[in-house]
Protein chains: 2
Amino acid sequence: MLDYVPSFTQLVSELNKLPGIGPKTAQRLAYYILNSPEQYSQGLSKAMHEMHLKVRKCEQCFALTENDNLCHFCEDTKRNDSLLCIVEQPSDISRLEFSGAFRGRYHVLHGVISPLDGVGPEDLTTQALIHRIDLSLKTEETAIKEVILALDADLEGDTTVLYLAKILKERGIKISRIAHGIPIGGDIDYVDHRTLGRALENRVDV
Amino acid sequence: MLDYVPSFTQLVSELNKLPGIGPKTAQRLAYYILNSPEQYSQGLSKAMHEMHLKVRKCEQCFALTENDNLCHFCEDTKRNDSLLCIVEQPSDISRLEFSGAFRGRYHVLHGVISPLDGVGPEDLTTQALIHRIDLSLKTEETAIKEVILALDADLEGDTTVLYLAKILKERGIKISRIAHGIPIGGDIDYVDHRTLGRALENRVDV
């Protein structure tokens with residue numbers, strides 16, 4: 001489409017590379033950018049450049065940060081060192097923080113074990129996690145005593161939980177997994193059978 | 001979210017300005033850009049810059065072009081000068097071209113009359129259209145004899161059709177509108193009642 005305007009077609013093809021953006025959406029976005037003042041595309045270009053320049057992964061927990069060594073969460077002295085929450089993506093941290101229910105440390109795996117996609121433990125930050133835990137266990141003061149696995153309840157999440165549980169149990173660390181069940185405000189009528197099964201299995205005493 | 005990584009948040013907010021891109025999608029796109037090699041964002045930035053630099057509107061028909069004066073369609077000497085197709089957006093031209101059913105000239109309105117959104121005929125390219133038609137009528141050779149209105153069948157499209165029909169009829173030009181009805185391969189069961197009504201109204205002799 002619009003092959004007679006090569007620079008427009010080029011922008012459409014670049015936008016089309018983004019996840020979830022098909023050719024029609026890409027064209028709509030390209031029209032929007034064309035009809036916006038050039039300040040918009042300059043702002044977007046600048047934001048992408050700055051992000052690549054500034055954002056790095058924390059050396060300890062692999063969360064995103066603009067700090068030189070440790071991130072905001074690893075530097076925070078008010079957090080509980082004995083509690084570690086393992087998440088898949090950096091964005092999961094913001095959701096957990098927003099819940100206000102956790103004040104320990106984090107560790108970002110940057111993925112989950114997925115044999116079908118060729119992702120093994122060596123492609124994640126598991127080696128660094130084991131090293132971090134072993135280091136913490138050297139003194140009573142810094143020891144990680146409980147690990148919470150905040151991973152999705154799908155096949156890949158379950159595989160990763162099994163893998164990590166084995167490693168952590170060997171070190172005598174208490175392991176838990178966030179509860180899966182019916183969402184607050186959710187209706188039993190509209191919950192799928194696997195979620196309902198898990199909610200029954202993990203029922204809590206009243 | 002992720003307020004502790006300001007450059008990331010900044011990119012999310014820029015992406016969030018795009019039409020149809022909400023905060024969650026913007027975050028997903030920002031992660032994709034972060035995890036892609038910097039060549040991707042450089043390519044996207046370059047494509048936006050080049051488009052703003054090169055793409056302009058044709059002086060005659062207001063289609064997008066990279067030419068200095070007239071676009072690809074206006075310059076084409078093999079097209080029928082007596083037939084003019086009026087469309088809302090430049091992208092409509094590519095769809096019509098792809099159908100292969102039209103070999104006349106085009107005119108892009110760059111919108112439709114929409115009193116609710118405060119868009120009147122003066123915000124579109126109607127003045128230039130009237131001027132173009134009047135100029136063409138000066139000699140028999142260049143005269144536009146039929147105008148096809150390829151506008152959507154919604155309230156705004158209908159309003160625009162009425163407005164243009166009045167102007168064109170005053171000049172004795174034949175006016176038609178593209179047919180609205182059941183799509184080829186479509187099923188009567190799944191067509192909405194307004195489309196079906198229109199299809200009955202505009203039935204054709206067999």
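Is C85(B) buried or exposed? Keep that in mind as you go through these points.

1. **What you are looking at.** This is a predicted model, in which local features need pLDDT of at least 70 and side-chain atom pairs count only at pLDDT 80 or more, while totals for chains, interfaces and linings use all residues. Residues are numbered from 1 along each chain as its sequence is written, chains are lettered from A and ligands numbered from 1 in the order in which they are written, and side-chain values use heavy atoms, leaving out hydrogens and water.

2. **The cysteines.** C85(B) is buried, with a relative accessible area of 2% (buried means under 20%, exposed over 50%, partly exposed in between, with a 1.4 Å probe and protein chains only). C58(B) also counts as buried, at 1% relative accessibility. Over all chains, 0 disulfides are found (a disulfide is a pair of cysteine sulfur atoms within 2.5 Å). For C58(B), the closest cysteine sulfur belongs to C74(B) and lies 3.7 Å away, too far for a bond. C85(B) is in no disulfide either, and its nearest cysteine sulfur, that of C61(B), is 11 Å away.

3. Helix α3 (residues 38-54) of chain A packs with helix α1 (residues 6-15) of chain B at about 150°, their axes 8 Å apart. Helices here are DSSP runs of H or I with at least four residues, strands are runs of E with at least two, and both are numbered from the N terminus. Axes are lines fitted to C-alpha atoms, for helices over the stretch in contact, and angles run from 0 to 180 degrees between N-to-C directions. Therefore α3(A) and α1(B) are roughly antiparallel (over 145 degrees; under 35 is roughly parallel, 65 to 115 roughly perpendicular, the rest oblique). Residues in this contact include Y40(A) and L44(A) from α3(A), with F8(B) and L11(B) from α1(B).

4. **A second pair.** Helix α2 (residues 23-35) of chain A and helix α3 (residues 38-54) of chain B pack at about 55°, with axes 10 Å apart. That makes α2(A) oblique to α3(B). Here A30(A), I33(A) and L34(A) meet M48(B), M51(B) and H52(B) (contact means heavy atoms within 4.5 Å).

5. **Helix α5 of chain A.** In this helix (residues 90-99), P90(A), S91(A), D92(A), I93(A), S94(A) and L96(A) are buried. Among the elements that the buried residues of α5(A) pack against are β3 (80-87) of chain A and α2 (23-35) of chain B.
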